[in-house]
Amino acid sequence: MLIYCGGYWKVSGSCLDSERKALTTFRKALDDRYNILPSWDDEASDCCKWRGITCHNITGYVLKLDLNNYDYDSGLSGRIDPAVVELKHLQLLDLSYNAFYGIPIPEFLGSMKELRHLNLSDAGFSGRIPHQLGNLSHLISLKLSSFSLSAKNLWWLTSLPSLKYLDMSYVNLSMASHDWVHVMNKCPSLVELRLPYCCLSFISPTLASVNFTSLRVLDLDGNEFNSRIPKWIGNISSLVSLNLSYNNFDGPVPYLFSQLANLEELRLGDYSLSAKLSTNISQLLEGRWSRIKLLDLSLSNMFGGIPNSIGNITSLVDLELAFNENTRGSIPRAIAKLVNLEILFLRGYHMHATIPDWLDELKNLKMLILVNCMLTGPIPAALGGLSSLELLFLRENQLNGTIPTNLGQLSNLSWLDLSNNSLTENVSETHFQNLKNLFYLDLSFNSLAFNLHPHWVPPFQLSYIGLGSCHLGPRFPPWLQTQKHIEYLDLSNTAISDIIPTWFWDLRPQLYLLNLSNNQISGQLPNSLKMDSLLFVDIDLSSNNFSGPIPCSLNGSVRVLDLSNNQFSGPIPPNFTSTMNVLEVFSARGNQIGGIIPSSIGKMKFLVVLDLSQNNISGTIPLRLGDCVDLIALDLSKNHLSGRIPTSLGLLHQLQTMHLSNNSLSGKVLSSLKKCTHLVTLDLGQNNFSGHIPTWIGKSFLALRILNLRSNMFTGNIPPQLLNITSLQVLDLAQNCLSGSIPQSLHDLTAMKNEQKMNHFLLNGTGSY
């Protein structure tokens, strides 16, 4: 059908030439390197059919320009051309989740007077939000969520009388903190106000009148109010969702919240170590709470116990009372009345009781988290009747007895964590019979013995496997070969005394944690051990019987590599260190490694712990070791090193422990070390050091707790400056050639008089990383 539009005849619903030209100019300013807009390439085609364009079905005016990139990894970049202003009838502009790399929000967007919806969230814009957006008088929703935007003031928002939805999440509003409440109170049409993590530090304690008559959602999560929760919030009767988490509020939770007739979600969890709220949970839960569905009071310093009146809040779907150290008491039987309950999250709730059998009456329960609740007794078989259960966490209690076999019938179960209890006896195939959706399993730190058929094929595919301190051996678990998506694998201390199978190394690409420590596993590592995980990878193979050479190469994602207390031999491969781009902890102590320490070790720029002690390493300490400037712990003791301490070690200003004992090092203790002022342990015993004990030790190392210079060739007096180190707990100068008298002020070393906890890390290098 032809219609007369804009001075000429056109096909109904097709694009106007003027707007197609504007869009073409707009497109040319964009960088579409990922080919997101291929349909725009035919400039002569109907622009109403281009991706992201919605036109009026009669006039053909472009009404919506929706180029959000939410579902793609990479987005549009470049710049925003002013030609977009030529879209005179545009009602929606969405450029969210693109990558405009720090350009400011164009001021000319404020001239697009017909806009109803503007979404620039997480699009890469930075700088100040232009006040010209206050000219968009028809605007209904404004979304500007971004870590890189800020606003000097917000008064321009009062010029938007139709604004209903405002999302400025993560925008820095610190300069507008003093009056933001009064600004928002002059926006009476607001339905949703989202200002989480906006650096707001002030919230008005009172308001002369509350104009938030339409407000349904108020999200102030993660700000810095550090004051009492203002009572006026409890007078916003229209509220449906209220989030005040992570704000360091103090004082009581206003009782008015429980009287809000429309409130369905309340989040007050602080999750910080400085939570200052203080409310009797029993009194708070005795309120009306007529429609509440989600109640999160986690880590909000609640005290008291859950009252029987909880059974009156029948609308509850999600109850979270975790991390409140002063909550205690049993779970009241009245919770069984909460027939809609899907999530029950109690962590640190001091019950001192058994798990009640009646929990199986909560037929809709999907998540049951009773962690660190001082629960005793067995796991009741009644939990096997929770057919909707998807997550079951009972870790860190004192549960005993066996695992009920009927838990294996929970076909919806995805997460199962029973770790850190006192569970005993056998685990069989029946325990996992129908757990086809299980991907997270943690049974570690119990006394469980796995009794599985060698050819058992599990019904699940696990990503997380925590079986540390369970009895799996003596064979390496063959069922692991069926698991194709393992990301976390802890088989430490599981009584395995088998040769590691060759198929095991096919599992490694996705792993971000591999812990096989404290077994008797033998065999050799592959020459090249590559991990394809996008996360940092921690590998602990310590205290086994692995032998052969250290792998020549590992990929750059390995952060922790512990090969200690095995039977590895041969030298450290020179190219091994050059491939470890992010390695922070490397321990190979207690092996049979020979050769020298390669100078390429200086390429490991992020190294924090290096332990090569108790090996057969010879040669000198490489000068390039001083390039590892983040090093905190260095242990090269019990080797065959010779020569002098290189001056470059004085560059290790973060060093806290240095163990060089039981070598053949010689010469004087160089003054360059005096810059290592954070040293807590200096262990140079059983070497051939000579000369006087440096007096600067007593001036530079004031945090020193252990000083071992035993069995060297030091001469002269004991310098009285050592007595300045009041933190000293161990001072060993025996078997030297010292002379003179023992300083009488030795009794001033008061740290030696008092019993103190000794850190194994200080004594033996990397014992506690």
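1. The link of cysteine 48 and cysteine 55 is left-handed, with -100° about the S-S bond. Their sulfur atoms lie 2.2 Å apart, where a disulfide is a pair of cysteine sulfur atoms within 2.5 Å. Cysteine 48 is buried at a relative accessible area of 16%; buried means under 20% relative accessible area, exposed over 50% and partly exposed in between, with a 1.4 Å probe and protein chains only. Cysteine 55 is also buried, at 16%.

2. This is a predicted model, in which local features need pLDDT of at least 70 and side-chain atom pairs pLDDT 80 or more, while totals for chains, interfaces and linings use all residues. Residues are numbered from 1 along each chain as its sequence is written, and side-chain values use heavy atoms, without hydrogens and water.

3. The structure holds 2 disulfides. In the one between cysteine 15 and cysteine 47, the sulfur atoms are 1.7 Å apart. This link is right-handed, with 80° about the S-S bond. Cysteine 15 is buried at 8%, and cysteine 47 at 0%.

4. Cysteine 628 is in no disulfide; the nearest cysteine sulfur, that of cysteine 676, is 13 Å away. Cysteine 628 is buried, with a relative accessible area of 0%.

5. Leucine 157 is in contact (heavy atoms within 4.5 Å) with residues including Leu142, Met168, Val183 and Cys187, leaving aside neighbours within four places in sequence.
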